[in-house]
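Good morning, and thank you for coming. I would ask you to look at the sequence and the structure first, and then to follow me through them.

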Amino acid sequence: MKTKTIFVCQNCGAQSPRWVGKCQSCDSWNSYVEEASVVYPESEKLRTQIISQANHVPVLLKEVQIHQEKRFFTGIGEFDRVIGGGLVPASVTLIGGDPGIGKSTIVLQAGCALSRAGLRVLYVSGEESIKQAKMRADRVAQSANENFFIVNDIDVQLIINHISELKPQVVIIDSIQVVFLSEITSAPGSVSQVRESAAVLTQLSKQRGFVLLMVGHVTKEGMIAGPRVLEHMVDTVLYFEGERYSSYRVLRANKNRFGSTNEIGVFEMATNGLQEVLNPSQIFLSERGQETSGSVVVPILEGTRPFLVEIQSLVARSAFGMVRQKAEGFDQNRLALLAAVLEKRLGLNLADKDIFLNVVGGVKIIDPAADLAVALAVASALLDKPVPADTVILGEVGLGAEVRSVAQLASRINEAEKLGFSRCLLPRNNMKNKMEKPKQIHLVAVSSIREALDKLQTLEVV
Ligand code: TYD
Ligand code: MG
């Protein structure tokens, strides 16, 4: 067999006959790697074997029988919810995330739980030895029972053999970057290997009906082959996120054929594995001190679930005439824009000041409803006037310093009320819509940042 080579973008999987510096399809630089371009007779054979056993007679759609699929619950509530209410048989799920974020831990915990529920689980541990996995399983206090099998093989053909023998209902591949098909010449982890291996395993899962969980690494630049090139192939893509040095982890669905992509699951990495965080607001606010200037609480929305986070700002005269603006957990450009609005529209003197902004607890805010809270945190820090500790702030800010309405107001207010806040500053436009008046929380409508500042001045401390 004559081996030709092609160049493959390791980010998105696009191909080119010659090396190019910048990928035409995903705009990433220097991402092309030379790989063998052959039709892989062995993997083709495997695939045709699998396909030929499947039933491919066209049927009338209206006559297709659906028996309500039974779903497998892991019992880890946060995980089950994100996945859309349990794992669907014959479904393929990819769990992506930075190295060290806790992917192996979550799949191990899920696997142990499923095995205790009586399902036969095969865990393919390609990165860690069986002993390491056992140590981890003991540590996370998740005793597995007779149904939990673990194997170290990384050759896909061998994995298929194990699946044929064991007939598991759940197969976990940790990780898809280390497994390989021996007939493909490129290295494990390259686009061809990852794509072909995943395709073979996916087809097998569809045919035999087992749940397939695949772990995949992504780096900050998304440069390692994997999650990106697999997204279209699998049913569900979950991303596991979090700051490396913060113990909180967020599991988010990016694509889900069996549920919503709006749900998130919050976990805390403890010494005994990942623990569910049932009430994120409480944790994110737990270390909040008494009234200090620059501290503001906002009910942000993650998917369908609102939770409260604290935003802190510090404004100081800058040294050497070099102004700095730094934001953690909030878009740096958005902060610059809000600072410019404060300067220009409200005449606050921020031009020679350093502005620091921090979202407590390592949360990343993308919800525009946090704009007003950020603007007021900065203003409060500059003026050295605290925002009352019992008040939450909501609203998107426009370039004219106007406050715009936010989505899903009721659930946000409900969350603030639940945690004992007694006042909420919110966009006036939101008040136009009919809504049930909350019982314990006092609503203060504003239509501009100026008005919000004025209202805050006149609020007496309760
Ligand atoms: P791991 O699941 O190995 O990450 P990944 O598979 O995504 O690379 O988790 C790695 C980190 O989690 C590691 O730094 C140690 C930490 N950890 C705990 O703090 N407690 C635990 O019980 C476990 C199992 C891991
Ligand atoms: Mg791992």
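This is a predicted model: local features need pLDDT of at least 70, side-chain atom pairs count only at pLDDT 80 or more; totals for chains, interfaces and linings use all residues.

What percentage of the 462 residues in the protein chain do buried residues make up? The figure is 50%, where buried means under 20% relative accessible area, exposed over 50%, and partly exposed in between, with a 1.4 Å probe and protein chains only.

Residues are numbered from 1 along each chain as its sequence is written, chains are lettered from A and ligands numbered from 1 in the order in which they are written, and side-chain values use heavy atoms, with hydrogens and water left out.

Let me begin with the chain overall. The protein chain contains 13 helices and 21 strands; these are DSSP runs numbered from the N terminus, with helices being H or I of at least four residues and strands E of at least two. The accessible surface of the chain is about 22,200 Å², and 53% of this belongs to carbon and sulfur atoms; such areas come from the Shrake-Rupley method with a 1.4 Å probe, and for residues only the protein chains shown count as cover. If we take contacts between residues at least 6 apart in sequence, 67% of them join residues at least 24 apart, a contact being heavy atoms within 4.5 Å.

I turn now to the sheet. Nine strands form an open sheet with mixed pairing, in the order S6-S5-S7-S8-S4-S9-S10-S11-S12; two strands pair if DSSP finds at least two bridges between them. At the edges stand S6 (148–151) and S12 (273–276), and because each has a single partner strand, one side of each is left without a neighbour in the sheet. From one strand to the next, the twist averages 25°.

S5 pairs with S6 in the parallel sense over four bridges. Within that pairing, Val121 stands opposite Phe148 and Val124 opposite Val151. S5 also runs parallel to S7, with five bridges joining the two, and here Tyr123 faces Ile172 as its opposite residue. How is S5 covered on its two faces? Val121, Tyr123 and Ser125 on one side are buried, as are Leu122 and Val124 on the other.

Helix H5, residues 156–166, lies across S5, S6 and S7 and runs at about 165° to S5. Helix H3, residues 103–116, lies across several strands, including S4 (92–97), S5 and S12, at about 160° to S5. Axes here are lines fitted to C-alpha atoms, for helices over the stretch in contact, and angles run from 0 to 180 degrees between N-to-C directions.

Next, the ligand. Which residues come nearest to ligand 1? Of the 16 residues around ligand 1, they are Gly100, Ser104, Thr105, Ala270 and Gly273, where a residue is near if one of its heavy atoms lies within 4 Å. One of its oxygen atoms lies 2.8 Å from a backbone N or O atom of Lys103, one is 3.0 Å from a polar backbone atom of Thr271, and one is 3.4 Å from an N or O atom in the side chain of Arg139. Ligand 1 taken alone exposes 550 Å², of which the protein buries 76%.

Ala270 itself lies in strand S11 and counts as partly exposed because its relative accessibility is 28%.

Finally, consider Ser186, in the loop between S7 and helix H6 (191–208). Is Ser186 buried or exposed? Ser186 counts as buried, because its relative accessibility is 11%. Leaving aside neighbours within four places in sequence, Ser186 is in contact with Glu35, Ser192 and Gln193.

Methods:
A polar contact is a pair of N or O atoms within 3.5 Å; within protein, one must be able to donate a hydrogen and the other to accept it, and residues adjacent in sequence count only if both atoms are side-chain atoms.
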